[in-house]
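I begin with how the chains meet and then turn to the build of one of them.

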Amino acid sequence: MSLWKDFNQGVIRENPVLRLMIGLCPVLAVSNTTINALGMSAAVAFVLISSNLVVSMIRKMTPDEIRIPIFIIIISTFVTITDYVMQAYAPVLYQALGVFVPLIVVNCIILGRAEAFAYKNPILGSILDGVGMSIGFTLALGSIGVIREILGAGAVLGIELFDPAVAATIMILPPGAFITIGFIMAFLNKMENKVM
Amino acid sequence: MIILTSVLVLGGLGFIFAGLLGYAADYFSVEEDPRIAMVLAALPGGNCGACGLAGCRDYAEKVVLGEAFVNACVAGGASTAEKVSQTLGVECQALEKKVAVVHCGVRDEHRKKKGNYSGIKTCMAVSLIDGGGTACAYGCLGYGDCFSICPFDAIGMKDGQPVIDAQKCTGCGNCVSACPRKIISLRPYDFKVVVACSSQDSGAVVRKICPVGCIGCKLCAKQVPEVFKVSNNLASIDYTMTGSPYESAVEKCPTKCIVQS
Amino acid sequence: MELFGIFFAAFLINNILLIRFIALCSFFGVSTNIGTSVGMSFAVIFVMTISSAVSWSVYYFILAPFHLEFLRTAVFIITIASLVQLEELYLKKMIPALYRSMGIYLPLITTNCAILAVAFLAIDYRYTFLQAMIYSLGVSAGYALAMILFAHIRERTAIAPIPKWFQGYPIAFITAALMSLAFLGFSGLFGL
């Protein structure tokens, strides 16, 4: 049952964005439309799961003193792959995400999970942890994206719901991101009945 | 071909940086007196500033250089002074342990206020407005500045009254300076009694505004004159008279403002 | 004039923290205290200017001639990590006073998105060396400005009567939203 715990702790209880407060940079920047949010989540999921897998595979032979540079090199390899694949197959998404694709390499979630979990746990557990954290990240990023897109552009996934002229454009601008995540956190505080 | 170049370039860059770092680690290595680390380990680490220096690290460096006294760490007390003097191989003088006491016994239910306050909830902020807005101009304001500043977690707030844990208190004195009404002082650890009132108002006035205030009746001074002195309608304890029996004064006090802790 | 434009755009109009959302982890983590914010800001200015100079040079003198631009992610991060380590060693030995005030933030900066972002953006915008240096100065000055302002506000909200569920991070985010709104007002300034 420990494997199930590895998987689901990343989804709600230790949700990387909303509870652990790491990996915030892309969350606020790319959540202005749902499609961007889901695209970024997919990229992060790929990098997270792959790097967790590789780090866990080589954990027995990595010297302790230089483990961080080794993690970084592994992660940057996968990020470079993601970067070029996205450029080739999803150029519109790539344009929208901009500099945040290469910035996945310093995304605290990936380095943090490699250090805290994959380095010390077997392969299957690490993969499941990666999947769980990715789902948590997707949920957080996706919900922020949906809220911002509906309130700010009157649409979801590009499908118009109501006249964009009455929508609050501020929501798809930077302040809207901060406001949305602030309110979501306050709501979560109330749900969990404790203050972060 | 490009695979070969990239492996070579990346590997080459890695070697260059590794070499630079290795050389730099050697060339820029800083020699530090190992005794500093040993002294630092013996200190409580609260960075409270009671020694008069800028934190534990600063004290460790200065004491190794001989620029600070081995018993200057009030928070660490006698045990720290002993360890420090052992590390440095010098004689150690004993330091008397002191703990903080609050000279006010009022709780939220007794505290009479002159109006509603809805500003910044710190004692310092309240005290700037009309002296604090409490009916008693001398007593505790209850917003817990002492509680927030204690680096050793020795003060708790119960019903708006600070409760000091004498075991955790190290006598560093941060609460003494934090209190805007200056009603916290340090008493010797072994002398476990305090006059929990600072009011210089006459007895009639005190009776109206606070049930646990000192009314200046001098019953305590009559019981144990060496220890208790009354002036300006307020009793005080002479803490140099250790060993005198004070329990009878505690019993006789009509408002129970003399508290044993 | 153009250099002034680059600096000003990076400093205010496209403020890295409040408009571009880069380096947010450190923004919310370090800004609870004015002292640590100032220390962190100076460390960022110090590291960012040196790092962008070195990354720019490595890209144009080593990667580009061998057509290895695709290695830039890995190479930049290795460069920055090594540089930070070197800077820490140098400061500790040569300028101990400076090390004591901002040295503890240096390891934190290694994964700071802003340093890496500036390295990438200087290449993407095809800046010359001088332009890249001015750009990184502007970005780090903007970082310092936003960080220090935010720290001042946060110290006040810490003792203000905030509704229970909003205490801590939620009110910090809403504060950042208001600051971001204010900075949005700079767009179009000087025709930039």
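How many residues does the contact take from chain C and how many from chain B?

1. In this predicted model, the contact takes 17 residues from chain C and 16 residues from chain B. On the side of chain C that touches chain B, the element that gives the most is helix α4 (residues 72–94) of chain C, which supplies 10 residues. Sorted by class, that side of chain C has 13 nonpolar residues, together with two polar and two charged ones.

2. Chain C also meets chain A, with 33 residues of chain C in contact with 36 residues of chain A. Two pairs of chains touch, and the pair with the most contacts is that of chains A and C. The elements of chain C that give two or more residues to the side touching chain A are α2 (24–30), α4, α7 (113–124) and α9 (169–184), and the largest share of that side, nine residues, comes from α9(C). By class, the side of chain C that touches chain A has 27 nonpolar, five polar and one charged residues.

3. Which chains are joined by no contact? Chain A and chain B are not joined by any contact, and their closest C-alpha atoms lie 10 Å apart.

4. Turning to chain B, its secondary structure comes to 10 helices and eight strands. The radius of gyration of chain B is 27 Å, well over the 18 Å that the globule rule gives for 261 residues, and chain B is therefore more spread out than a compact globule. Taken along the principal axes, the box that the C-alpha atoms of chain B fill is roughly 100 × 50 × 25 Å.

5. The domain assignment divides chain B into domain 1 (34–88) and domain 2 (98–260), and the C-alpha centres of these two domains of chain B lie 32 Å apart. The contact between them takes eight residues from domain 1 of chain B and seven residues from domain 2 of chain B. On the side of domain 1 of chain B that touches domain 2, five residues are nonpolar and three are polar, while no residue is charged.

6. Two further values describe the packing of chain B. Of the 261 residues in chain B, 33% are buried. Among the contacts in chain B between residues at least 6 apart in sequence, 56% join residues that are at least 24 apart.

Definitions and conventions: Residues numbered from 1 in each chain as written. Chains lettered and ligands numbered in written order. Predicted model: local features only at pLDDT ≥ 70, side-chain atom pairs only at ≥ 80, totals over all residues. Domains from an automatic or database assignment. Nonpolar A, V, L, I, M, F, W, Y, C, P; charged D, E, K, R; others polar. Helix = DSSP H or I, 4+ residues; strand = E, 2+ residues; numbered from the N terminus. Rg over C-alpha atoms; globule rule 2.2 N^0.38 Å. Buried ≥ 20, exposed ≤ 12 C-beta atoms within 10 Å, placed from the backbone.
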